[in-house]
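Me: I would like to learn how to read a structure like this one. Please take me through it feature by feature.

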Amino acid sequence: DVRFLLAELEDGSIASGLDACQICGPIGYGQDGKVAVCKNCNAPIPLDTFSFGGGCNPLPLDAEVEGNTVVVSVADLENAAAKFR
């Protein structure tokens, strides 16, 4: 299983990332208003940095918006997950 997250940013774009980070692992994130919050260390992650990686940010995951649909390829999920392992 690979959990991932999507966030709609204020400009309408979509940020995507794995529900895991290099520091805290696959514990995951919650949301508090306009920030994601690490469930392990409670670090607030501004949504505009959501898909950058580094620190306790979610690990980056490529995704594309096609109309009203967000598309994440299996290959991109596998590549992102492989970087974490």
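Me: Start with one residue. Which residues does Ser16 touch, not counting those up to four places away in sequence?

Reply: Contact means heavy atoms within 4.5 Å. By that test Ser16 touches Leu5, Leu6, Phe50, Ser51, Pro60, Leu61, Asp62 and Ala63. Before going on, note that this is a predicted model, where local features need pLDDT of at least 70, side-chain atom pairs count only at pLDDT 80 or more, and totals for chains, interfaces and linings use all residues. Residues are numbered from 1 along each chain as its sequence is written, and side-chain values use heavy atoms, with hydrogens and water left out.

Me: Is Ser16 buried or exposed?

Reply: Buried means under 20% relative accessible area, exposed over 50%, and partly exposed in between, with a 1.4 Å probe and protein chains only. Ser16 counts as buried because its relative accessibility is 5%.

Me: What does the side chain of Ser16 reach?

Reply: A polar contact is a pair of N or O atoms within 3.5 Å; within protein, one must be able to donate a hydrogen and the other to accept it, and residues adjacent in sequence count only if both atoms are side-chain atoms. Here the Ser16 side chain reaches the backbone oxygen of Leu61 at 2.3 Å.

Me: Where does Ser16 lie?

Reply: Helices (H or I, at least four residues) and strands (E, at least two) are DSSP runs, numbered from the N terminus. Ser16 lies in strand E2.

Me: Which strand pairs with E2, and in what sense?

Reply: Two strands pair if DSSP finds at least two bridges between them. Strand E2 covers residues 14-18 and pairs with E1 in the antiparallel sense, over 5 bridges. Opposite Gly17 in E2 stands Leu5. The hairpin of E1 and E2 has 5 residues between the strands, and Gly12 there takes a positive phi near 90°.

Me: How do I read the side chains along E1?

Reply: In a regular strand the side chains alternate between the two faces of the sheet. In E1 (residues 4-8), Leu5 and Ala7 point to one face and are buried.

Me: Which residues make the nonpolar surface patch?

Reply: Patches are made of residues with over 30% relative accessible area and no salt bridge; like charges are joined within 9 Å, nonpolar side chains (Val, Leu, Ile, Met, Phe, Trp, Tyr) within 5 Å. Accessible areas come from the Shrake-Rupley method with a 1.4 Å probe; for residues, only the protein chains shown count as cover. Phe4, Leu6, Ile14 and Val65 make a patch of about 320 Å². Val65 has its place in strand E6 (residues 64-66).

Me: How many salt bridges does the structure hold?

Reply: A salt bridge is a side-chain nitrogen of Lys or Arg within 4 Å of a carboxyl oxygen of Asp or Glu. The structure holds 2. One joins the side chains of Arg3 and Asp19 (2.9 Å, N to O). Arg3 sits in the segment before E1 and Asp19 in the loop between E2 and strand E3 (29-32), 16 residues apart. Arg3 is partly exposed at 44% relative accessible area, whereas Asp19 counts as buried at 9%.

Me: Where do Lys34 and Glu10 meet in the chain?

Reply: The side chains of Lys34 and Glu10 form a salt bridge (3.1 Å, N to O). Lys34 lies in the loop between E3 and strand E4 (35-38) and Glu10 in the loop between E1 and E2, so the pair ties together parts 24 residues apart in sequence. Both residues are exposed.
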